[in-house]
Amino acid sequence: MPHDGNLLQVAVIFLVAAVLTVPLAKRLQLGAVLGYLAAGVLIGPSALDLISDTESVARLSELGVVLLLFIIGLELSPRRLWVMRHSVFGIGLAQVLLTSLAIGAVAWLGFAQSLNTAAVLGLGLALSSTAFGLQILAERKELTSPHGRLAFAILLFQDIAAIPLIALLPVISGAGELEADRDTLVHLLQVVGSVGAVIVGGRYLLRPVFRIVAKTNLQEVSTATALLVVIGTAWLMELTGVSMALGAFIAGLLLADSEYRHELESQIEPFKGLLLGLFFISVGMTADLSLLLNQPLVVIGLTLLLVLIKLPLLFLVGRLGGGLDNAHALRLGIVLAAGGEFAFVVFKLAFEQNLLDNHLHNLLVLAITLSMAITPLLVLTLFRLFKTRPAPVTVPEEYTRIDNDAPRVVVAGMGRMGQIIARMLRAQRVPYVALDTNVEMIEYGRSLGRMPIYYGDPLRPEILRAAKVDKAEFFIVATDDPDTNLKTTELVKRLYPHIKVIARARNRQHVHRLLDLGAVPVRETFHSALEMSRQALLGMGLDEDQANARIRRFQRHDEEVLAAQHLVYDDEAAVIQTAREARAELEHLFDADLIEDKGVK
């Protein structure tokens with residue numbers, strides 16, 4: 001049977017397993033992390049046994065966690081932490097303390113574990129998966145929801161808390177008692193000294209180095225420098241007995257406010273994703289499935305116990321500390337109830353320090369893996385049972401009191417397009433009213449001057465009445481969501497048939513649907529694309545008149561094709577045939593222009 005002697009063969013095995021399992025897991029809405037775990041189980045000793053040297057794979061895969069912590073450090077600027085201080089250091093700390101105390105007490109009193117082993121179990125299992133939790137929220141578009149923002153803050157604190165926990169694990173050793181002897185003091189001094197050295201070096205060396213490298217304009221050198229900073233710092237910290245992850249985190253933190261931060265993040269991100277995937281695969285490889293077959297009740301019991309302890313505590317923290325309603329607090333608990341990737345790291349180090357025996361370590365790895373596996377199922381089931389209403393928004397009274405007497409134009413949506421329209425109307429002294437549901441956008445618009453921007457959802461008839469849409473001549477729909485544009489247009493045309501509606505259109509299909517509703521659609525990128533094409537034609541040697549003529553011809557031809565396609569837009573075959581005929585006709589017209597240009601010359 002082929003094993004890992006052949007490096008290329010090993011690489012092929014990893015890539016094939018990932019390519020087969022990860023897309024399948026994504027398709028089943030289970031998330032990429034679960035796909036990587038399944039790939040590891042599949043090729044590991046418990047299943048096909050295609051890779052036997054799990055230790056070497058695990059060692060290499062630790063770089064994924066190192067790079068993840070570096071990027072977390074990059075994202076933690078002091079300014080951002082200050083804004084989120086209550087959620088991160090208040091609610092996040094409360095969650096970790098409550099959960100670790102509860103799990104630690106169960107391990108100590110219920111399972112007769114030693115005191116420091118129970119402490120490690122409590123702290124390790126209190127952590128949730130940053131990659132897993134944020135991915136679920138992102139896939140469901142709930143990162144900006146109340147429970148999504150609080151979940152991010154709690155995960156942020158957990159990531160920070162994992163650093164000292166990982167760093168201090170070598171200190172917690174022996175037969176279950178915390179030691180505070182001379183060796184421990186020396187080790188702590190080494191930790192402080194190495195951290196100080198990294199801080200000083202980062203402050204005075206890293207920025208000049210990046211400045212020099214940036215002047216070379218060589219992408220590969222920039223990538224190599226970014227990797228050198230991360231891996232080099234991690235290696236130096238490890239030499240002094242400190243976790244590699246801690247070194248990477250400090251390096252990222254030092255560069256959080258650097259002008260090279262975004263460049264660094266873009267260089268590291270591809271490596272982080274690949275190596276983090278390898279980390280999850282290595283975790284799956286270490287999962288001992290024989291335990292699930294031989295001791296199913298123990299494994300399933302530990303998994304359910306973990307979820308049943310964490311979920312109510314997360315619900316309580318979200319409800320009391322975060323001010324969430326019951327439904328949002330429940331969603332917070334479901335997303336963060338599983339174990340996390342740092343628990344694998346913590347328990348691996350604890351096993352190496354003899355705080356956990358091999359059997360318990362394997363049980364924990366399997367229980368955490370299963371807790372991750374059931375999370376998407378809980379999300380799909382319970383999220384549908386407890387549908388949440390939009391969180392109430394605190395809006396100043398003056399933002400909701402619409403006092404414009406007779407607007408000639410009402411603008412719905414004050415994003416990029418809406419702001420330009422409002423500025424043009426104001427410059428022409430045309431009375432208008434603008435509606436938006438983003439309080440920050442309203443505050444910004446009013447800070448520029450006394451602009452008639454008000455808080456209001458244009459999908460609510462009472463808001464339209466308050467904005468006196470019946471007295472307006474034009475209603476401009478400038479929101480960036482196509483479905484909202486269609487619903488707003490339909491409502492306005494139904495309530496006020498006389499008004500002329502000009503609506504922002506995302507694409508050609510959106511144009512057709514707006515035309516059916518009686519609106520005048522304006523494609524949001526069409527005219528800017530025409531201008532960019534005109535500039536390109538000028539740059540390629542055409543004079544102003546020739547370039548303008550080509551653009552006018554293209555625009556006129558495209559509008560004619562769009563009108564023709566509107567008659568058959570619900571027939572895909574007819575639309576494709578019309579597009580092919582239009583392309584051939586346009587090429588013929590442009591060929592005629594070229595012949596005409598040559599004749600003129």
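I began with the side chains of R508 and D558, which meet in a salt bridge at 3.0 Å from N to O; I took a salt bridge to be a side-chain nitrogen of Lys or Arg within 4 Å of a carboxyl oxygen of Asp or Glu. This pair links distant parts of the chain, with R508 in helix α23 (residues 508-516) and D558 in helix α25, 50 residues apart. Helices and strands are DSSP runs numbered from the N terminus, helices being H or I with at least four residues and strands E with at least two. R508 is partly exposed at a relative accessible area of 28%, whereas D558 counts as buried at 11%; buried means under 20% relative accessible area, exposed over 50%, and partly exposed in between, with a 1.4 Å probe and protein chains only.

I noted that this is a predicted model, in which local features need pLDDT of at least 70 and side-chain atom pairs count only at pLDDT 80 or more, while totals for chains, interfaces and linings use all residues. Residues are numbered from 1 along each chain as its sequence is written, and side-chain values use heavy atoms, with hydrogens and water left out.

**Salt bridges around R534**

A search of the whole structure gave me nine salt bridges. I looked next at R534, which forms one with E531, the closest N and O atoms being 3.1 Å apart. Because R534 and E531 are three residues apart in helix α24 (residues 526-539), about one helical turn separates them. E531 is partly exposed at 34% relative accessibility, and R534 is buried at 15%. E544 also forms a salt bridge with R534, here with the closest N and O atoms 2.6 Å apart. That pair joins distant parts of the chain, E544 being in helix α25 and R534 in helix α24, 10 residues apart. E544 itself is partly exposed, with a relative accessible area of 42%.

**A negative patch**

I found a negative surface patch formed by D516, D570, D571 and E572. Patches are made of residues with over 30% relative accessible area and no salt bridge, like charges being joined within 9 Å and nonpolar side chains (Val, Leu, Ile, Met, Phe, Trp, Tyr) within 5 Å. Asp and Glu count as negative, Lys and Arg as positive, and His and the chain ends are not counted; the place of a charge is NZ of Lys, CZ of Arg, CG of Asp or CD of Glu. I placed D570 in the loop between α25 (544-566) and α26 (572-600), where D570 is exposed at 68%.

**Loops with positive phi**

I checked A112, in the loop between α5 and α6 (115-126); A112 is not a glycine, yet has a positive phi of about 55°, and is exposed at 67% relative accessibility. R429, another residue other than glycine, has a positive phi near 55°; R429 lies in the loop between α19 (416-427) and β2 (432-436) and is exposed at 74%.

**A buried glutamine**

What does Q95 contact, leaving aside its neighbours within four places in sequence? I listed A126, I154, Q158, L314 and V317, contact meaning heavy atoms within 4.5 Å. Q95 is in helix α5 (residues 85-110) and counts as buried at 1% relative accessibility.

**Whole protein**

I recorded 26 helices and six strands, and 46% of the 601 residues count as buried.

Conventions
Areas by Shrake-Rupley, 256 points an atom, 1.4 Å probe, with all protein chains shown as cover.
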